[in-house]
Amino acid sequence: MAQNSSKNVAVIGAGSAGLVTARELKREGHSVVVFEQENQLGGTWVYTPATESDPVGIDPNREIVHSSLYSSLRVNLPREVMGFWDYPFVAKKKPGRDPRRYPGHGEVLNYLNDFAVDFGIIGVVRFGMEVGFVGKMENGKWKVSCRKRENDVMFANEEYDAVVICNGHYTEPRIADIPGIEVWPGKQIHSHNYRVPDPFRDQVVVLIGGAASATDISREIAEVAKEVHISSRSATSGVPMKLPGYDNIWLHNMIEAVGSDGGVNFQDGSKILADIILHCTGYKYHFPFLETNGIVTVDDNRVGPLYKHVFPPTFAPSLSFVGLPWKVIPFFLCELQSKWIAGVLSGRISLPSKEDMNADIEAFYSSMAASCIPKRYTHNMDDSQV
């Protein structure tokens, strides 16, 4: 690739990943168009009280709501690591802003809007445009087809030198596999469709999960629910125990089965009669628009093969992904990934050969297998992000 060559690049999504990617591509001299299906930027940081018609989120014909925010959500990282390197997330003395070190979600959205304005990104975003197809053409360019959401009219078939996928991974729910669930008479909901605790008033709730959303939501609904029973892999393997400081939250290990009597049986030998099962069980990577003839796949939540979680060797550098890793400091990660992509596309930075990238990926996958780490943890960078 020629040094400092300018490319015509499509970015899918105008959340935090798409916005910083657009900035880095522009800085590198590329021409950028950002496709955003909603009518405002911010991606998962746009709160809406609306929920999906299917509360578990598995009906393929449901009306999809992109955001998974609940009303009370606050960031679980301090401000100091929630901003981009050269645009710190500082508290602003303006009406309606949230000066706390761990602010609510609305403050993050305000920050992203400020970022987009200050770096001139809004002008390259096409709002209300849902991408329906991304695929490589015989001439080596990428075809991007989209439709205007408000009237479902196919709007454009355009060609780009490169595509960067920044569509997030908090929209397609993962559901726990529970024996007997087809005859269990209670209600189920995934945390993707949780907003406020009121619907759980006076209910007996089984909450599955042990990560941040499970921690937040269990304590919030305990204020109105009759009982909350948390089922997680990390819970005690012995008898159920009360969560210290709470009179109506119990910790259990995994669910063994549920029954037609409304019962939920745990592997610790206990049984309760529950009204609701709340799945705080995470999300699936989902790229329904991407056509690669089976070269890039999602297998047990491993997006691959990808070199360093970003480039599929067969299509590198013209196809890339930003923001896939989890258990990370996300804004820094997305900024560094997008700087790398922008520099590779211009020819300023070189990638290894296709063969060397594939060898690196195989070594990574083999090391995971040797350590008995499931595929679904491929993009978990908890211990390796630094």
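**Exercise 1. Which residues have the most contacts inside the largest nonpolar core?**

Let's work through this predicted model together.

Step 1. Start with the core itself: the largest nonpolar core holds 63 residues, and Trp45, Leu112, Ile221 and Leu278 have the most contacts inside it.

Step 2. Next, find the main contributor. Helix H4 (residues 330-346) supplies the largest share of this core, six residues.

Step 3. Now place the core. Domain 1 (8-41 + 121-171 + 283-377) and domain 2 (181-279) both give residues to it, so the core lies between them.

Step 4. Zoom in on Trp45. Beyond its neighbours within four places in sequence, Trp45 touches Leu69, Leu73, Val75, Met82, His105, Val108, Leu109, Leu112 and Phe331.

Step 5. Finally, look for another core: a second, separate one has 25 residues, including Ile12, Met129, Trp142 and Val296.

**Exercise 2. Work out the order of the five-stranded open sheet and find its edge strands.**

Step 1. Trace the strands across the sheet: the order is E3-E2-E1-E7-E22, with parallel pairing.

Step 2. Look for strands that pair on one side only; these edge strands are E3 (125-127) and E22 (319-321).

Step 3. With direction ignored, neighbouring strands are turned by 20° against each other on average.

**Exercise 3. Describe how strand E1 is joined to strand E2, and say which strands helix H4 lies across.**

Step 1. Strand E1 (residues 8-12) and strand E2 (residues 31-36) run parallel and are joined by five bridges.

Step 2. For one example, take Val9: its bridge partner in E2 is Val32.

Step 3. H4 lies across E1, E7 (162-165) and E22, and runs at about 170° to E22.

Methods
Residues are numbered from 1 along each chain as its sequence is written. This is a predicted model: local features need pLDDT of at least 70, side-chain atom pairs count only at pLDDT 80 or more; totals for chains, interfaces and linings use all residues. Side-chain values use heavy atoms; hydrogens and water are left out. A nonpolar core is a set of buried Ala, Val, Leu, Ile, Met, Phe, Trp, Tyr and Cys residues joined through side-chain atoms within 4.5 Å. Buried means under 20% relative accessible area, exposed over 50%, partly exposed in between (1.4 Å probe, protein chains only). Helices (H or I, at least four residues) and strands (E, at least two) are DSSP runs, numbered from the N terminus. Domain bounds come from an automatic or database domain assignment. Contact means heavy atoms within 4.5 Å. Two strands pair if DSSP finds at least two bridges between them. Axes are lines fitted to C-alpha atoms, for helices over the stretch in contact, and angles run from 0 to 180 degrees between N-to-C directions.
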